[in-house]
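I opened this notebook to record what I looked up in the structure. The entries follow the order in which I consulted the model.

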Amino acid sequence: MAAEQTSKTIEAYPMKGGDGVHSYTNNSSYQGRVNNAAKRLITEAVEEILDIENFASSNTFRIADLGCSVGPNTFFAVQNIIEAVQFKYQCQGLDSQLPEFQVLFNDHTSNDFNTLFSSLPLDRKYYATGVPGSFYGRLFPKGSLHFVHSSYTNHWLSRVPKPVVDKSSPAWNKGRIHYTSAKDEVIKAYEAQYVEGMEYYLHARAQEVVPGGLVALIVSGCPNGIHHSQTTQNITSGLLGSCLMDMAKKGIVSEEKVDSFNIPMYYMSPQELEAAVDRNGYFSIERMEDLPPIQEIITSTIPKSQRVVSHMRATLDGLIKTHFGDAILDELFDSLSKKIEEGMPMIISGRTINFFALLRRKAMD
């Protein structure tokens, strides 16, 4: 099967673990607000689309959160799903048939599951299980999941596109670390890697989700019709790349080391996701819409540039450390903070969206 075959090529770069100052736990409030913006849509999905009669024979309702990281956002997300399902059973007079809930928290094997499970809510009404592995391959038994949730994960590719680090390839991405403002061959290489990854992703989910089951995706993406270089995410990635090139010019890192480093992220558009679902054929798109812009909540006197950098460091720490070592991290992100401060007008003018997609598993083999 295609999904199983890709497992050998997966690259894993989990979020910064622990609960320290640079940890994902303490630098993921933005993603939490995005999840909160989608809360109503997920509640409505359960209320209007989830057919619980299909699952009447099952005593356990299984929810998987793919790319759960270390919390606390994952806990809020699954609790919302559980409350919506419980309410639907009650509204249909099925209190006596209310199932038990099992939540399967998935992330890469190197994810900090210790931090995740040490912070599990004490009053949870579900059985918690950790499932290590890449969501680009099969993770669960056939037909075992009723609801799949994944937030801010699908922009991560399964690996860096091979052509962009191949010196003999027209897509060699010399002097850049992403497809931001890169030549067409680089962009096409990233696009091709995205297409391949989503094929694996949807193929695996089609095997795991029961007919009538739901897959809710919250995606950090690119608006339809907007060039990749105009998105906020890619503008900041370009600034990070310029910081690394500055360090290469100073001899702190080698230029060859920078040339061989690329960020394995691709920000899909809603149209691209729709095309991937159509190619797969096992899901119907029940709902797809942009989420409202996230209003920043200022709770400290820390400059905005530093808050942006803190988020990026929590996300990219493992990726950068693996390639360059940890000795450059403080200087690199200090430099990035200055560049972001100087380039804030350009960043603010960037185009970006968070969008919600609800897929329903078709009743077919």
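**Entry 1. Glu 44**

I began with Glu 44, which touches Ile 49 and Arg 287 when residues up to four places away in sequence are not counted; contact means heavy atoms within 4.5 Å. Glu 44 is found in helix α2 (residues 29–48). Helices are DSSP runs of H or I with at least four residues, numbered from the N terminus. Glu 44 has a relative accessible area of 18% and is therefore buried. Buried means under 20% relative accessible area, exposed over 50% and partly exposed in between, with a 1.4 Å probe and protein chains only.

**Entry 2. Basis of the values**

I noted that this is a predicted model, in which local features need pLDDT of at least 70 and side-chain atom pairs count only at pLDDT 80 or more, while totals for chains, interfaces and linings use all residues. Residues are numbered from 1 along each chain as its sequence is written, and side-chain values use heavy atoms, with hydrogens and water left out.

**Entry 3. Helix α3**

I checked the length of helix α3 (residues 73–91): its 19 residues should span 27 Å at 1.5 Å a residue, and its end C-alpha atoms are 27 Å apart, which agrees. The expected span is 1.5 Å times one less than the number of residues. Among the buried residues of α3 I listed Phe 75, Val 78, Ile 82 and Tyr 89. Just after α3, Gly 93 takes a positive phi of about 65 degrees.

**Entry 4. Aromatic rings**

I found that a search of the whole structure gives 13 aromatic pairs. Rings of Phe, Tyr and Trp (its six-membered ring) pair if their centres lie within 6.5 Å; planes under 30 degrees apart count as stacked, over 60 as edge-to-face and the rest as tilted. Phe 113 and Phe 117 form a stacked pair, 6.1 Å centre to centre with 20 degrees between the planes. Being 4 residues apart in helix α4 (residues 113–118), they are separated by about one helical turn. Phe 113 counts as buried at 14% relative accessibility, whereas Phe 117 counts as partly exposed at 30%.

**Entry 5. Ile 187**

I located Ile 187 in helix α5 (residues 184–208). Ile 187 counts as buried at 7% relative accessibility. Beyond four places in sequence, Ile 187 touches Tyr 179, Ala 182, His 227 and His 228.

**Entry 6. Helix α6 and Leu 239**

I read that 14 of the 18 residues of α6 are buried, so α6 is largely enclosed by the rest of the structure. Leu 239 has its place in α6 and is buried, with a relative accessible area of 13%. Leaving aside neighbours within four places in sequence, Leu 239 is in contact with Leu 336, Lys 339, Ile 340, Met 346 and Ile 347. Leu 239 and Ile 340 are 101 residues apart in sequence, yet 7.3 Å apart C-alpha to C-alpha. Just after α6, Gly 251 takes a positive phi of about 80 degrees.

**Entry 7. Helices α9 and α10**

The contact includes Met 312 and Ile 320 of α9 and Phe 333 and Ile 340 of α10.

Definitions and conventions
Helix = DSSP H or I, 4+ residues; strand = E, 2+ residues; numbered from the N terminus.
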